[in-house]
Amino acid sequence: MSTGVITLRSLDARLVRVPLTRPWGSGVTTVGVVATHVVRSDGAEGWGFSWTPQIGAEAVHALLVNDIAPVAVGGPGEPGEGWRPMWQHLHEAGGGGLTTIALAGLDLALWDAAARADDASVSGWLGAQREAVRAYGSGVNLHYPIDDLVAQAERWTDAGFDAVKVKVGKPEVAEDLDRLRAVRAVIGPDRALMIDANQRWELDRATAALEVLAEVSPAWIEEPLRAEDLWGHTELARRLAASSGIPIAVGENLHTVHRFDEYLRAGAAQIVQPNIVRVGGITPFLGIAAIAAEYGTAVHPHLLPELSTQVARTLRATPGVAEPMVEDVEDAGFGDLGALRDPSPVTVRDGYAVENAHVGLGIRFR
């Protein structure tokens, strides 16, 4: 007799290299995707993925095949139920990073299967809170000549974005300032201009650089210091609060709910940007968002707009806190790159990301 308990019957994974239209730097011409497929005991199927731009795709694939699948099969088939035991199982190889990236491949496929079993989208299954999500134009553009950067800013404004993000961290801050002045001249005074240092500075250099770059009124400074430097971010936040008031955004390289809690508790970040794949999937992302709500902190998911938009639609509004935004890196969406088997589940237009009709996550790779 069936007990009605849904278990996982199978988990498969395959590595896909997706060519980039615009290289993200010297030698960065592809991103790595590990596409996953699950079948539950009730016959429902789901598709998910893990993702890493340059480093570790083969290792992620190996973790899924050798260390996750043998334990997951026969275990819980509903999303969320087996996440923490699997994280504990993988912890010997690290509490976050490759382990959580790999775990996302299972988690996303389980959410996809659950929604597909009810002929619903994941956002509909979770309960959408907003019709559309504000999007901002972004690019991996530190290596762009200034003319190319200005042209990109013009494309962002033409596309209707009211917020854009530019990389900083040139050897001399004067060059960063020249580039940001040029972008500000294009986008005007009313659009938000965010800046991202990608961990290039140490504390005193960040302090000095931001005193200079405050001229262009940055809406936030993203990853000014090494991501693991909790004390440094806490001290920088104190210094900025006493001077320019520029908020600090972190999260793309924090991998667990515990690290996000530590940063928020210490006052080291005023904005968090969890990457849904890097933290281990939708299950931990929702936990991080709940903690951020308790601290009154804005949550803007990092990259992956086809996925981030769907989950951001389900986050409940917190009074006095900015609603989520999603990041649209120019020419880097999976749909734009032709990587998806079906039409993209999300379209970005006029500065907003909206969902198209689909079931599950609607993200299946060719």
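Predicted model: local features only at pLDDT ≥ 70, side-chain atom pairs only at ≥ 80, totals over all residues.

Q: About how much space lies in the largest cavity?
A: The largest cavity is lined by 14 residues, and those nearest its centre are Trp-24, Trp-51, Leu-304, Ala-332 and Gly-333. Both α11 (305-312) and β11 contribute at least two residues to this lining. The space in the largest cavity is about 140 Å³.

Q: Into what classes do the residues lining the largest cavity divide?
A: The lining of the largest cavity consists of 14 residues. By class, these divide into 11 nonpolar, 1 polar and 2 charged.

Q: About how much space lies in the second largest cavity?
A: The lining of the second largest cavity includes Arg-22, Pro-23, Trp-24 and Tyr-144. By class, this lining has 5 nonpolar, 2 polar and 2 charged residues. The space in the second largest cavity is about 50 Å³.

Q: What volume does the largest pocket have?
A: The largest pocket has 32 lining residues, with Trp-24, Pro-53, Gln-54, Asn-198 and Glu-252 nearest its centre. The elements giving two or more residues to this lining are β3 (45-52), α3 (98-117) and β11 (325-329). Its lining holds 11 nonpolar, 14 polar and 7 charged residues. The volume of the largest pocket is about 670 Å³.

Q: Is Val-133 buried or exposed?
A: Val-133 belongs to strand β4 (residues 132-138), of which 5 of the 7 residues are buried. Beyond its sequence neighbours up to four places away, Val-133 touches residues including Thr-309, Pro-324, Val-326 and Tyr-352. Because its relative accessibility is 0%, Val-133 counts as buried.

Q: How far apart in space are Val-133 and Met-325, C-alpha to C-alpha?
A: Met-325 is among the residues that Val-133 touches. Along the sequence, the two residues are 192 residues apart. In space, their C-alpha separation is 6.0 Å.

Q: Which residue in β11 stands opposite Tyr-136?
A: Strand β4 is joined to β11 by 5 bridges, and the two strands run parallel. Within this pairing, the residue opposite Tyr-136 is Glu-327.

Q: Which residue in β13 stands opposite Ala-132?
A: Strand β13 (residues 352-355) runs antiparallel to β4, with 3 bridges joining them. In β13, the residue opposite Ala-132 is Val-354.

Q: What is the phi of Asp-350 in the turn between β12 and β13?
A: Strand β12 (residues 346-349) pairs with β13 in the antiparallel sense over 4 bridges, and Val-348 stands opposite Ala-353. The two strands form a hairpin with 2 residues between them. In that turn, the phi of Asp-350 is positive, at about 55°.

Q: Which element gives the most residues to the largest nonpolar core?
A: The largest nonpolar core has 103 residues, and Phe-49, Trp-51, Leu-106, Ile-221 and Leu-307 have the most contacts inside it. With 11 residues, the element giving the most to this core is α3.

Q: Is Leu-304 buried or exposed?
A: Leu-304 is located in the loop between β10 (298-299) and α11. Although not a glycine, Leu-304 has a positive phi of about 50°. Its relative accessible area is 7%, and a residue under 20% counts as buried; therefore Leu-304 is buried.

Q: Is Asp-119 buried or exposed?
A: Asp-119 lies in the loop between α3 and α4 (122-126). Its phi is positive, near 55°, in a residue other than glycine. The relative accessible area is 64%, and over 50% counts as exposed; therefore Asp-119 is exposed.

Q: What distance separates the C-alpha atoms of Gly-4 and Ala-104?
A: Gly-4 is in the segment before β1 (8-19) and is exposed, with a relative accessible area of 60%. Gly-4 and Ala-104 are 100 residues apart along the chain. The distance between their C-alpha atoms is 26 Å.

How values were computed. Residues numbered from 1 in each chain as written. Heavy atoms only, no water. 1 Å grid on protein atoms, 1.4 Å probe; cavity = no way out; pocket = protein on both sides within 12 Å on 5 of 7 lines; lining within 4 Å. Points joined across faces, edges and corners; volume = space filled by probe spheres on them. Nonpolar A, V, L, I, M, F, W, Y, C, P; charged D, E, K, R; others polar. Buried < 20%, exposed > 50% of the residue type's maximum accessible area, 1.4 Å probe, protein only. Contact = heavy atoms within 4.5 Å. Pairing = 2+ DSSP bridges. Core = buried A, V, L, I, M, F, W, Y, C linked by side-chain atoms within 4.5 Å.
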